[in-house]
Amino acid sequence: MAGSPATVKPTPILKDELDIVIPTIRNLDFLEMWRPFFQPYHLIIVQDGDPSKTIKVPEGFDYELYNRNDINRILGPKASCISFKDSACRCFGFMVSKKKYIYTIDDDCFQINALEQHIKNLLSPSTPHFFNTLYDPYREGADFVRGYPFSLREGVATAISHGLWMNIPDYDAPTQLVKPLERNTRYVDAVMTIPKGTLFPMCGMNLAFNRELVGPALYFGLMGDGQPIGRYDDMWAGWCVKGLPYIWHSKASNPFVNLKKEYKGIFWQEEIIPFFQSVKMSKEATTVQKCYIELSKEVKEKLGKVDPYFDKLADAMVTWIEAWDELNPSSAEKPAK
(Lines give C-alpha, C1' and ligand atoms only; values in the text may rest on other atoms or scores of the structure.)
Protein backbone atom coordinates (compact mmCIF):
# COMPACT_ATOMS: atom_id res chain seq x y z
CA MET A 1 0.00 0.00 0.00
CA ALA A 2 1.41 3.36 -1.03
CA GLY A 3 2.38 5.76 1.72
CA SER A 4 0.16 8.71 2.49
CA PRO A 5 1.22 11.96 0.82
CA ALA A 6 1.33 13.50 4.30
CA THR A 7 4.33 11.31 5.16
CA VAL A 8 6.39 12.61 2.23
CA LYS A 9 8.74 15.33 3.38
CA PRO A 10 8.90 18.34 1.05
CA THR A 11 12.29 19.21 -0.44
CA PRO A 12 13.85 22.04 1.61
CA ILE A 13 13.91 25.40 -0.17
CA LEU A 14 17.20 26.04 -2.02
CA LYS A 15 18.55 22.65 -0.93
CA ASP A 16 21.00 22.53 -3.84
CA GLU A 17 21.60 26.26 -4.07
CA LEU A 18 22.69 27.22 -0.55
CA ASP A 19 25.78 26.52 1.55
CA ILE A 20 26.01 27.13 5.29
CA VAL A 21 29.39 28.56 6.34
CA ILE A 22 30.51 28.21 9.97
CA PRO A 23 33.80 29.50 11.43
CA THR A 24 34.83 27.62 14.57
CA ILE A 25 37.57 26.81 17.07
CA ARG A 26 35.60 24.09 18.88
CA ASN A 27 33.62 20.90 18.38
CA LEU A 28 30.31 21.59 16.66
CA ASP A 29 27.94 20.05 19.18
CA PHE A 30 25.69 23.07 18.74
CA LEU A 31 24.66 21.63 15.36
CA GLU A 32 22.42 19.12 17.14
CA MET A 33 20.04 21.97 17.94
CA TRP A 34 20.06 23.03 14.30
CA ARG A 35 19.79 19.51 12.87
CA PRO A 36 16.13 19.80 11.70
CA PHE A 37 17.01 22.89 9.66
CA PHE A 38 20.66 22.38 8.65
CA GLN A 39 20.89 18.66 7.91
CA PRO A 40 19.49 18.95 4.35
CA TYR A 41 22.13 21.53 3.42
CA HIS A 42 25.85 21.38 2.69
CA LEU A 43 28.07 22.86 5.42
CA ILE A 44 31.43 24.56 4.86
CA ILE A 45 33.32 24.65 8.16
CA VAL A 46 36.35 26.93 8.44
CA GLN A 47 38.51 25.91 11.39
CA ASP A 48 40.28 28.82 13.02
CA GLY A 49 43.41 28.62 15.13
CA ASP A 50 45.59 25.52 15.55
CA PRO A 51 45.20 23.31 12.44
CA SER A 52 46.47 20.25 14.31
CA LYS A 53 43.41 20.29 16.56
CA THR A 54 40.69 17.85 15.52
CA ILE A 55 37.24 19.40 15.20
CA LYS A 56 34.38 16.94 15.77
CA VAL A 57 31.21 17.30 13.73
CA PRO A 58 28.05 15.38 14.69
CA GLU A 59 27.21 12.47 12.40
CA GLY A 60 24.69 12.85 9.62
CA PHE A 61 25.77 16.25 8.28
CA ASP A 62 27.08 16.80 4.76
CA TYR A 63 30.14 18.99 5.23
CA GLU A 64 33.63 19.92 4.17
CA LEU A 65 36.13 21.25 6.70
CA TYR A 66 39.08 23.54 6.00
CA ASN A 67 41.85 24.48 8.42
CA ARG A 68 44.74 26.90 8.00
CA ASN A 69 46.89 24.30 6.26
CA ASP A 70 44.14 23.79 3.68
CA ILE A 71 43.78 27.53 3.13
CA ASN A 72 47.55 27.87 2.58
CA ARG A 73 47.55 24.89 0.21
CA ILE A 74 44.63 26.13 -1.88
CA LEU A 75 45.51 29.83 -2.06
CA GLY A 76 49.30 29.72 -1.80
CA PRO A 77 50.76 33.22 -1.28
CA LYS A 78 47.27 34.71 -1.62
CA ALA A 79 46.33 33.02 1.68
CA SER A 80 47.68 36.18 3.32
CA CYS A 81 44.31 37.85 2.67
CA ILE A 82 42.49 35.39 4.98
CA SER A 83 42.53 36.42 8.63
CA PHE A 84 43.97 34.08 11.26
CA LYS A 85 42.59 33.64 14.80
CA ASP A 86 39.49 35.64 13.97
CA SER A 87 36.03 34.68 12.76
CA ALA A 88 36.79 36.72 9.62
CA CYS A 89 38.31 33.47 8.34
CA ARG A 90 34.73 32.52 7.39
CA CYS A 91 35.06 34.44 4.14
CA PHE A 92 37.29 31.64 2.85
CA GLY A 93 34.11 29.56 2.92
CA PHE A 94 32.39 32.19 0.79
CA MET A 95 35.22 31.92 -1.72
CA VAL A 96 35.28 28.13 -2.10
CA SER A 97 31.50 27.71 -2.20
CA LYS A 98 29.96 27.03 -5.59
CA LYS A 99 26.38 27.80 -4.56
CA LYS A 100 24.25 30.83 -5.34
CA TYR A 101 23.41 31.60 -1.71
CA ILE A 102 25.33 31.57 1.56
CA TYR A 103 24.07 31.47 5.13
CA THR A 104 26.72 32.05 7.79
CA ILE A 105 26.35 31.65 11.52
CA ASP A 106 28.60 31.58 14.58
CA ASP A 107 29.12 28.43 16.62
CA ASP A 108 27.65 29.92 19.83
CA CYS A 109 24.16 30.50 18.45
CA PHE A 110 21.06 28.43 19.02
CA GLN A 111 18.22 28.27 16.58
CA ILE A 112 14.86 29.96 16.31
CA ASN A 113 14.63 28.72 12.70
CA ALA A 114 16.28 31.81 11.25
CA LEU A 115 17.30 30.03 8.04
CA GLU A 116 13.75 29.79 6.71
CA GLN A 117 13.18 33.54 7.08
CA HIS A 118 16.56 34.34 5.52
CA ILE A 119 15.65 32.24 2.48
CA LYS A 120 12.30 33.99 2.17
CA ASN A 121 14.06 37.35 2.36
CA LEU A 122 16.59 36.43 -0.32
CA LEU A 123 13.85 35.17 -2.65
CA SER A 124 11.70 38.29 -2.18
CA PRO A 125 12.45 41.73 -3.64
CA SER A 126 13.68 44.66 -1.57
CA THR A 127 12.51 48.27 -1.73
CA PRO A 128 15.54 50.49 -1.04
CA HIS A 129 14.38 53.46 -3.11
CA PHE A 130 11.18 54.32 -1.24
CA PHE A 131 10.26 53.27 2.29
CA ASN A 132 7.02 51.34 2.81
CA THR A 133 5.44 52.04 6.21
CA LEU A 134 4.04 48.50 6.37
CA TYR A 135 7.67 47.33 6.13
CA ASP A 136 7.87 44.27 3.86
CA PRO A 137 5.06 44.71 1.31
CA TYR A 138 5.57 41.21 -0.12
CA ARG A 139 4.59 39.36 3.04
CA GLU A 140 1.17 37.79 3.38
CA GLY A 141 -1.24 40.31 4.86
CA ALA A 142 0.78 43.34 3.71
CA ASP A 143 1.03 45.45 0.58
CA PHE A 144 2.20 48.84 -0.59
CA VAL A 145 0.52 51.71 1.21
CA ARG A 146 -1.35 54.58 -0.42
CA GLY A 147 1.09 57.01 -1.98
CA TYR A 148 3.78 54.44 -2.80
CA PRO A 149 4.87 54.96 -6.46
CA PHE A 150 3.63 52.16 -8.71
CA SER A 151 6.82 52.38 -10.77
CA LEU A 152 8.85 51.22 -7.74
CA ARG A 153 6.59 48.40 -6.53
CA GLU A 154 8.45 45.70 -8.42
CA GLY A 155 11.44 46.28 -6.15
CA VAL A 156 14.97 44.99 -6.74
CA ALA A 157 16.75 41.71 -6.04
CA THR A 158 17.69 41.20 -2.40
CA ALA A 159 21.46 40.83 -1.98
CA ILE A 160 21.78 40.46 1.81
CA SER A 161 19.48 39.29 4.58
CA HIS A 162 20.83 40.53 7.91
CA GLY A 163 19.52 38.63 10.90
CA LEU A 164 19.19 39.70 14.52
CA TRP A 165 19.58 37.85 17.78
CA MET A 166 17.91 37.23 21.10
CA ASN A 167 19.48 37.05 24.57
CA ILE A 168 23.01 38.57 24.65
CA PRO A 169 23.20 41.76 22.55
CA ASP A 170 26.04 42.20 20.06
CA TYR A 171 27.47 45.24 21.82
CA ASP A 172 30.91 46.79 21.56
CA ALA A 173 33.20 46.48 24.57
CA PRO A 174 32.39 49.82 26.28
CA THR A 175 28.66 49.10 26.10
CA GLN A 176 29.22 45.54 27.33
CA LEU A 177 31.05 46.91 30.35
CA VAL A 178 28.31 49.33 31.38
CA LYS A 179 25.44 46.93 30.59
CA PRO A 180 26.79 43.48 31.58
CA LEU A 181 23.40 42.03 32.50
CA GLU A 182 21.32 43.42 29.67
CA ARG A 183 19.48 40.85 27.55
CA ASN A 184 17.32 41.20 24.47
CA THR A 185 13.98 39.48 25.11
CA ARG A 186 11.91 41.43 22.60
CA TYR A 187 11.09 39.54 19.42
CA VAL A 188 9.91 41.85 16.66
CA ASP A 189 8.26 40.12 13.72
CA ALA A 190 9.24 42.67 11.11
CA VAL A 191 11.24 42.59 7.89
CA MET A 192 12.33 45.88 6.40
CA THR A 193 14.68 47.14 3.70
CA ILE A 194 17.60 49.35 4.65
CA PRO A 195 17.21 52.41 2.38
CA LYS A 196 19.67 53.12 -0.39
CA GLY A 197 22.52 55.30 0.80
CA THR A 198 22.11 54.27 4.44
CA LEU A 199 24.93 52.40 6.17
CA PHE A 200 24.33 49.87 8.92
CA PRO A 201 26.44 47.81 11.38
CA MET A 202 26.36 44.36 9.77
CA CYS A 203 26.99 41.32 11.96
CA GLY A 204 28.28 38.05 10.52
CA MET A 205 26.77 36.05 13.38
CA ASN A 206 23.47 35.47 11.55
CA LEU A 207 23.71 36.50 7.92
CA ALA A 208 22.63 35.30 4.48
CA PHE A 209 23.48 36.69 1.06
CA ASN A 210 23.25 36.14 -2.65
CA ARG A 211 26.77 35.02 -3.50
CA GLU A 212 26.29 35.55 -7.23
CA LEU A 213 25.28 39.18 -6.70
CA VAL A 214 27.70 40.38 -4.02
CA GLY A 215 30.01 37.50 -3.09
CA PRO A 216 33.29 39.18 -4.14
CA ALA A 217 32.46 42.20 -1.97
CA LEU A 218 31.82 40.12 1.17
CA TYR A 219 35.45 40.26 2.27
CA PHE A 220 35.79 40.43 6.03
CA GLY A 221 39.12 42.23 5.89
CA LEU A 222 42.36 41.64 7.79
CA MET A 223 41.59 41.00 11.44
CA GLY A 224 42.88 39.03 14.39
CA ASP A 225 46.39 37.63 14.69
CA GLY A 226 49.05 40.10 13.59
CA GLN A 227 46.56 42.92 12.97
CA PRO A 228 45.91 46.00 15.12
CA ILE A 229 42.14 45.49 15.06
CA GLY A 230 39.50 42.81 15.49
CA ARG A 231 35.70 42.49 15.68
CA TYR A 232 35.24 44.91 12.80
CA ASP A 233 35.42 42.24 10.10
CA ASP A 234 31.70 41.89 9.43
CA MET A 235 31.08 45.62 9.76
CA TRP A 236 33.80 46.31 7.19
CA ALA A 237 32.11 43.91 4.77
CA GLY A 238 28.74 45.52 5.49
CA TRP A 239 30.05 49.01 4.81
CA CYS A 240 31.64 47.78 1.57
CA VAL A 241 28.49 46.13 0.20
CA LYS A 242 25.89 48.27 2.00
CA GLY A 243 23.30 46.54 1.29
CA LEU A 244 14.32 39.38 10.58
CA PRO A 245 15.33 36.37 11.56
CA TYR A 246 16.56 35.98 15.11
CA ILE A 247 18.97 33.51 16.66
CA TRP A 248 19.77 32.90 20.30
CA HIS A 249 23.21 34.31 21.10
CA SER A 250 24.35 32.21 24.01
CA LYS A 251 27.91 33.28 24.78
CA ALA A 252 28.93 36.77 25.83
CA SER A 253 32.52 37.39 24.78
CA ASN A 254 34.87 38.97 27.30
CA PRO A 255 34.45 42.77 27.16
CA PHE A 256 38.06 43.42 28.24
CA VAL A 257 39.40 41.17 25.49
CA ASN A 258 36.99 42.81 23.06
CA LEU A 259 38.13 46.29 24.06
CA LYS A 260 41.72 45.38 23.24
CA LYS A 261 40.58 44.22 19.80
CA GLU A 262 38.18 47.09 19.18
CA TYR A 263 39.74 50.19 20.64
CA LYS A 264 41.41 51.39 17.44
CA GLY A 265 38.27 50.58 15.48
CA ILE A 266 36.19 52.69 17.85
CA PHE A 267 38.33 55.68 16.91
CA TRP A 268 38.79 54.74 13.26
CA GLN A 269 35.08 54.26 12.56
CA GLU A 270 34.60 58.03 12.93
CA GLU A 271 36.78 58.33 9.79
CA ILE A 272 35.64 55.15 8.06
CA ILE A 273 31.92 55.88 8.04
CA PRO A 274 32.20 59.34 6.39
CA PHE A 275 34.56 57.73 3.88
CA PHE A 276 31.96 55.15 2.85
CA GLN A 277 29.25 57.80 2.79
CA SER A 278 31.20 59.80 0.22
CA VAL A 279 32.86 57.13 -1.94
CA LYS A 280 31.75 56.94 -5.59
CA MET A 281 32.40 54.36 -8.28
CA SER A 282 33.35 55.24 -11.86
CA LYS A 283 31.34 54.24 -14.92
CA GLU A 284 34.09 51.75 -15.75
CA ALA A 285 33.31 49.75 -12.60
CA THR A 286 30.88 47.37 -14.29
CA THR A 287 31.44 44.24 -12.16
CA VAL A 288 31.53 43.66 -8.42
CA GLN A 289 35.23 42.88 -8.73
CA LYS A 290 36.00 46.13 -10.56
CA CYS A 291 34.00 48.08 -7.99
CA TYR A 292 35.94 46.43 -5.20
CA ILE A 293 39.31 47.13 -6.81
CA GLU A 294 38.32 50.78 -7.19
CA LEU A 295 37.26 50.80 -3.56
CA SER A 296 40.62 49.38 -2.52
CA LYS A 297 42.37 52.28 -4.26
CA GLU A 298 40.13 54.74 -2.44
CA VAL A 299 40.87 52.99 0.87
CA LYS A 300 44.60 53.32 0.27
CA GLU A 301 44.37 56.95 -0.79
CA LYS A 302 41.89 58.24 1.80
CA LEU A 303 42.12 55.90 4.80
CA GLY A 304 45.85 55.23 4.42
CA LYS A 305 46.29 58.68 5.96
CA VAL A 306 44.48 57.50 9.08
CA ASP A 307 46.79 54.55 9.74
CA PRO A 308 49.26 52.37 7.76
CA TYR A 309 46.96 49.42 8.51
CA PHE A 310 44.64 50.61 5.75
CA ASP A 311 47.45 50.42 3.20
CA LYS A 312 47.87 46.77 4.14
CA LEU A 313 44.10 46.24 4.08
CA ALA A 314 43.82 47.83 0.62
CA ASP A 315 46.47 45.44 -0.71
CA ALA A 316 44.64 42.51 0.90
CA MET A 317 41.40 43.60 -0.80
CA VAL A 318 43.15 43.29 -4.18
CA THR A 319 44.61 39.91 -3.22
CA TRP A 320 41.15 38.76 -2.13
CA ILE A 321 39.67 39.60 -5.54
CA GLU A 322 42.56 37.89 -7.33
CA ALA A 323 42.06 34.76 -5.21
CA TRP A 324 38.27 34.91 -5.71
CA ASP A 325 38.63 35.07 -9.50
CA GLU A 326 41.19 32.27 -9.43
CA LEU A 327 38.73 29.96 -7.67
CA ASN A 328 35.64 31.36 -9.42
CA PRO A 329 36.75 32.21 -12.98
CA SER A 330 33.21 32.25 -14.35
CA SER A 331 32.20 35.10 -12.03
CA ALA A 332 34.99 37.47 -13.05
CA GLU A 333 33.05 39.28 -15.76
CA LYS A 334 29.52 39.23 -14.35
CA PRO A 335 28.13 42.78 -14.43
CA ALA A 336 27.41 44.59 -11.18
CA LYS A 337 23.72 45.04 -10.39
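Helices (H or I, at least four residues) and strands (E, at least two) are DSSP runs, numbered from the N terminus. By this numbering, L164 is found in strand β7, residues 164-167. The structure is a predicted model, in which local features need pLDDT of at least 70 and side-chain atom pairs count only at pLDDT 80 or more, while totals for chains, interfaces and linings use all residues. Residues are numbered from 1 along each chain as its sequence is written, and side-chain values use heavy atoms, with hydrogens and water left out.

L164 and A114 are 50 residues apart in sequence, and their C-alpha atoms are 9.0 Å apart in space. L164 counts as partly exposed because its relative accessibility is 33%. On this scale, buried means under 20% relative accessible area, exposed means over 50%, and partly exposed lies in between (1.4 Å probe, protein chains only).

**The sheet**

Six strands form an open sheet with mixed pairing, in the order β3-β2-β1-β4-β8-β6. Its edge strands are β3 (62-66) and β6 (160-162), each of which pairs on one side only. Neighbouring strands of the sheet are turned by 20 degrees against each other on average, direction ignored. For such angles, axes are lines fitted to C-alpha atoms, for helices over the stretch in contact, and angles run from 0 to 180 degrees between N-to-C directions. Two strands pair if DSSP finds at least two bridges between them. Strands β1 (residues 18-24) and β2 (residues 42-47) have six bridges and pair in the parallel sense. I22 stands opposite I45 in β2.

**Salt bridges**

Side chains of opposite charge can pair when their charged atoms come close. A salt bridge is counted here when a side-chain nitrogen of Lys or Arg is within 4 Å of a carboxyl oxygen of Asp or Glu. The whole structure holds 11 salt bridges by a search. The table gives some of them.

| Salt bridge | N to O distance |
|---|---|
| R35 and E32 | 2.9 Å |
| E116 and K120 | 3.7 Å |
| K302 and E298 | 3.0 Å |

R35 and E32 are separated by about one helical turn because they are three residues apart in helix α1 (residues 31-38). E32 is partly exposed, with a relative accessible area of 42%. In helix α4, E116 and K120 lie four residues apart, which is about one turn of the helix. E116 is partly exposed at a relative accessible area of 38%, and K120 is partly exposed at 42%. K302 and E298 are four residues apart in helix α9 (residues 288-303), so about one helical turn separates them. K302 has a relative accessible area of 38% and is partly exposed; E298 is partly exposed with 22%.

**Aromatic pairs**

A pair of aromatic rings is described by the distance of the centres and the angle of the planes. Rings of Phe, Tyr and Trp (its six-membered ring) pair if their centres lie within 6.5 Å; planes under 30 degrees apart count as stacked, over 60 as edge-to-face and the rest as tilted. The count comes to 19 aromatic pairs by this rule. F94 and F209 form an edge-to-face pair because their ring centres are 4.9 Å apart and their planes stand at 75 degrees. This pair links distant parts of the chain, with F94 in helix α3 and F209 in strand β8, 115 residues apart. F94 is buried, with a relative accessible area of 0%, and F209 counts as buried at 0%.

F131 and Y135 also form an edge-to-face pair, at 6.2 Å centre to centre and 80 degrees between the planes. F131 counts as partly exposed at 42% relative accessibility, and Y135 counts as partly exposed at 38%. Y135 is placed in the loop between α4 (114-123) and β6, and its phi is near 60 degrees, a positive value in a residue other than glycine.

Ring pairs also link Y232, W236, W239, W268, F275, F276, Y309 and F310 into a cluster. W236 and W239 are among the buried residues of α7. Helix α7 (residues 233-241) is mostly covered, with nine of its nine residues buried. K242 follows α7 and has a positive phi near 35 degrees.
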